[in-house]
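Okay, thanks for having me, I'll keep this quick. Let me put the thing on the screen before I start talking.

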Amino acid sequence: MSTDPDEAARAALRERQGPGARYDSPDAPAGELAWARLGTAYFARRLNELTDAELEAPSLLPGWSRRHVVAHVGYNARALSRLLQWARTGVETPMYASPQQRDAEIRRGGTLPAHALRSLFAHTVAHLDVEWRDLPGAAWDVEVRTAQGRLVPVRETAWMRAREVWVHAVDLDNGADMRDFPPDLLGAIASDVLRAWRRRGERVDVTVAAAGRDPVVLGAGGPIVSGTMPDAVRWLVGRGADELTSSTGVIPALPRWF
């Protein structure tokens, strides 16, 4: 039996899919794709628990209803599919025409009838998965440009989608909890937040002391913020500081993630 974790993840996925399924290329990022697909199922379960009327309620994101969150997650899948098309064809296909187009799309999506909004999510998820499964091995290292302007290999779309579906499931505010996240995913999200801050040159003076993890010192002279890993990650991604404690009695505000 292979000890390669990526190969083990691919084998587990093939077993779940059963005979006749189309498989990802051996060069695909198996671990991140597994997170993305598990997170998609998690988001879908939380969405399906909401009645059409409950979609009207506010989400955890200021100014967004649950409808806006669902529209955003759906259109994000479509945007990532454009990057995969770019990698597959060599024809530059941006995620969005502009930030304004992206925002307008989400606003319009939030006004769709409930059945159309649910269909948007289901259809865009299926399309993205087909794009991943049909991408040939060499294309996974083709560089594409994210909506933030970064050039990344298209394999990063798997990670981009994983963090999207898991965190926005929490934003639906109907029971999803970061305690449900795989522990290694929590660590990956925390690292992603820190990388985003470093790229933007953000200064953060705090030590994050998550239970069971080595303390992470950011800057100097700041407070020590302690708690469980799920609660620490929730704070790092800007979803509240419930259950955390600070050595100064004050939980500091943090820069945005994106």
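I'll go through the pocket, then some helix packing.

Quick housekeeping: this is a predicted model, so local features need pLDDT of at least 70 and side-chain atom pairs count only at pLDDT 80 or more, while totals for chains, interfaces and linings use all residues. Numbering starts from 1 along each chain as its sequence is written, and side-chain values use heavy atoms, with hydrogens and water left out.

By pocket I mean, on a 1 Å grid over the protein atoms alone, an open set of points where a 1.4 Å probe fits, with protein on both sides within 12 Å along at least five of seven lines; lining residues have an atom within 4 Å of a point.

Which residues are closest to its centre? Out of 38 lining residues, those are His72, Arg102, Gln148, Glu164 and Phe258. At least two lining residues come from each of helix 3 (66-89), helix 4 (99-109), helix 6 (156-171) and helix 8 (229-236). Helix 6 gives the most, with 5 residues. Helices here are DSSP runs, H or I, at least four residues, numbered from the N terminus. By class, the pocket lining splits into 20 nonpolar, 9 polar and 9 charged residues. For the classes, Ala, Val, Leu, Ile, Met, Phe, Trp, Tyr, Cys and Pro are nonpolar, Asp, Glu, Lys and Arg are charged, and the others, Gly among them, are polar.

Now, packing. Helix 3 and helix 6 have axes 10 Å apart and an angle of about 175°; axes are lines fitted to C-alpha atoms over the stretch in contact, and angles run from 0 to 180 degrees between N-to-C directions. The pair is therefore roughly antiparallel, the label for angles over 145 degrees, with under 35 counting as roughly parallel. Among the contact residues are His72, Val73 and Ala77 of helix 3, and Arg161 and Glu164 of helix 6, where contact means heavy atoms within 4.5 Å. That contact has 8 nonpolar, 4 polar and 3 charged residues.

Helix 6 also packs on helix 2 (residues 30-48): the axes come within 8 Å and cross at roughly 25°. So helix 2 and helix 6 are roughly parallel. Their crossing is left-handed, that is, the near helix is turned anticlockwise from the far one by less than a right angle.

Have a look at Val125, in helix 5 (residues 114-134). Leaving aside neighbours within four places in sequence, Val125 is in contact with Thr40, Ala77 and Arg161. Its C-alpha is 9.1 Å from that of Val73, 52 residues apart along the chain.

Last pair: helix 7 (residues 183-200) and helix 8 have axes that come within 10 Å and cross at roughly 30°. That makes helix 7 roughly parallel to helix 8. The crossing is left-handed.

Note on methods:
Parallel < 35°, antiparallel > 145°, perpendicular 65-115°, else oblique.
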